[in-house]
Amino acid sequence: MKLIRAFRAALLALGLGLAVAAPAGAADAPAQPVAKFDFDHPTFAHQLPFATRQVVIQVSENDPTYWNLVLNNAQNLLDFFGQENIRVVVVAFGPGLPMLLKNSPVAARIESENSEGVEFDACHNTMKAMARKIGHMPVVVPEATVVPAGVARIMQLEHAGFAYLRP
């Protein structure tokens, strides 16, 4: 139990540190603000007061066919439960982050599903790593919420009772 509390404290410290201060270099500045991160109190892009189901979907592959599968899964859940009854959060990190880039081949679908209440979270750690390679922060779709760390966001949501899906 002490180890779990220490791990949570370390995640919280990491998340708050990223959310509060960004280093001065252009490659480190977020393209949009990084969401606040309190491990025990997740926040969301959409108000869904009647949602009784919740799922987090991991995206960590750089493959448009896979991205369409993820979006199909999200849409199928909305259709099955009703968009007001389910909270769907798609978290992209590592090789999967290009799904949420402005020029993504699935950008129009992301905009559509966002309008139905699906949240799309982009990993700031991955964005910073990409920026070191390309010399500037990548630009994500306007519907994306930038979170401090994709894997920590998934852990946070699982801790909050979300079902986990990795298609």
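This is a predicted model: local features need pLDDT of at least 70, side-chain atom pairs count only at pLDDT 80 or more; totals for chains, interfaces and linings use all residues.
**Sheet and helices, a quick tour**

E1 covers residues 53-59 and E2 covers residues 86-92; they run parallel, with seven bridges joining them.

Stepping back to the whole sheet: it's an open one, built from five strands in the order E4-E3-E2-E1-E5, with parallel pairing. At the edges you've got E4, 144-147, and E5, 163-165, each pairing on one side only. From one strand to the next, the twist averages 25°.

So what packs against these strands? Helix H4, residues 124-134, lies across E3, which is 119-123, and E4. H4 runs at about 50° to E3. Then there's helix H5, residues 150-159, packing on the sheet and touching E1, E2, E3, E4 and E5. The direction of H5 makes about 155° with that of E2.

Right, on to a helix pair. H2 is residues 64-81, H3 is residues 107-115, and they pack with their axes 11 Å apart. How are H2 and H3 oriented to each other? The packing angle is about 20°, and under 35 degrees counts as roughly parallel, so H2 and H3 are roughly parallel to each other. Their crossing is left-handed.

As for who meets whom: H2 brings Asn 68, Leu 71, Asn 72, Ala 74 and Gln 75, and H3 brings Arg 109, Ile 110 and Glu 113. Sorted by type, the residues of that H2 with H3 contact are three nonpolar, three polar and two charged.

Methods. Residues are numbered from 1 along each chain as its sequence is written. Side-chain values use heavy atoms; hydrogens and water are left out. Axes are lines fitted to C-alpha atoms, for helices over the stretch in contact, and angles run from 0 to 180 degrees between N-to-C directions. Helices (H or I, at least four residues) and strands (E, at least two) are DSSP runs, numbered from the N terminus. Angles under 35 degrees count as roughly parallel, over 145 as roughly antiparallel, 65 to 115 as roughly perpendicular and the rest as oblique. A crossing is left-handed if the near helix is turned anticlockwise from the far one by less than a right angle, and right-handed if clockwise. Contact means heavy atoms within 4.5 Å. Ala, Val, Leu, Ile, Met, Phe, Trp, Tyr, Cys and Pro count as nonpolar, Asp, Glu, Lys and Arg as charged, and the others, Gly among them, as polar. Two strands pair if DSSP finds at least two bridges between them.
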